[in-house]
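Please keep the view open while going through the points.

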Amino acid sequence: MPDTEQGGSRRRGRNETEEERADRMWTELIQEVRVAQMGVQILFGFLLTVVFTPTYADLSDADKTIYIVTVVLGACATGALIGPVSLHRLVSGRRIKPQAVRWASRLTLLGLALLLVTTSSSLLLILRVATHDDYVPYLVAGVVCWYLLCWLGLPMWARYRHTTR
């Protein structure tokens, strides 16, 4: 298929119906969610075991609070990242795929934000227990900046740089 339309201008976009676009976007979204789900489920699984270790009793009250907040955040991230699967299953065949894709995308973005906070608070707890040093918050802040660069900065730059207005 040629890459130009009549008049010599370069084609942009795809020739697909709203339903075809929703099907394609759904497939892409589910592939993305699979990656994030794997990470959050492994992290959450490890977090759940900490409370059953002998070391948990030795944690300071501040560290126990960080742990509890982290577990709750992990549970919320897991729920948000599994949400698109449930959404699809419950609305499948109802002819609302474009709307379902929008909601699933929102749930995925929420899940990624919760995963960012869960991972960061997990790192904070681990480094506090491992080092007891004053530089731990700076290390965690540096990692958060790295996540934001990878997860938000680079995609937003690419979106700005390579899309038309």
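1. Helix H1 (residues 18-50) packs against helix H3 (residues 97-131) at an angle of about 25 degrees, and their axes are 9 Å apart; axes here are lines fitted to C-alpha atoms, for helices over the stretch in contact, with angles from 0 to 180 degrees between N-to-C directions. H1 and H3 are therefore roughly parallel to each other, a label given to angles under 35 degrees, while over 145 counts as roughly antiparallel, 65 to 115 as roughly perpendicular and the rest as oblique. Helices are DSSP runs (H or I, at least four residues), as strands are (E, at least two), numbered from the N terminus.

2. This is a predicted model, in which local features need pLDDT of at least 70 and side-chain atom pairs count only at pLDDT 80 or more, whereas totals for chains, interfaces and linings use all residues. Residues are numbered from 1 along each chain as its sequence is written, and side-chain values use heavy atoms, with hydrogens and water left out.

3. Which residues bring H1 and H3 into contact? On the H1 side they include Trp-26, Leu-29 and Val-33, and on the H3 side they include Ala-104, Thr-108 and Leu-112, where contact means heavy atoms within 4.5 Å. By class, the contact of H1 with H3 has 15 nonpolar, five polar and four charged residues; Ala, Val, Leu, Ile, Met, Phe, Trp, Tyr, Cys and Pro count as nonpolar, Asp, Glu, Lys and Arg as charged, and the others, Gly among them, as polar.

4. H1 also meets helix H2 (residues 61-91), their axes coming within 9 Å and crossing at roughly 150 degrees. That makes H1 roughly antiparallel to H2. Among the residues in this contact are Trp-26, Gln-37 and Phe-44 of H1, together with Tyr-67, Gly-74 and His-88 of H2. The contact of H1 with H2 divides into 16 nonpolar, six polar and no charged residues.

5. The unreviewed UniProt entry lists residues 35-53, 65-87, 107-129 and 135-158 as "transmembrane region", and such annotations may be inferred rather than shown by experiment. In the model, residues 107-129 are 100% helix and 0% strand, with end C-alpha atoms 32 Å apart, and residues 135-158 are 96% helix and 0% strand, with end C-alpha atoms 33 Å apart.
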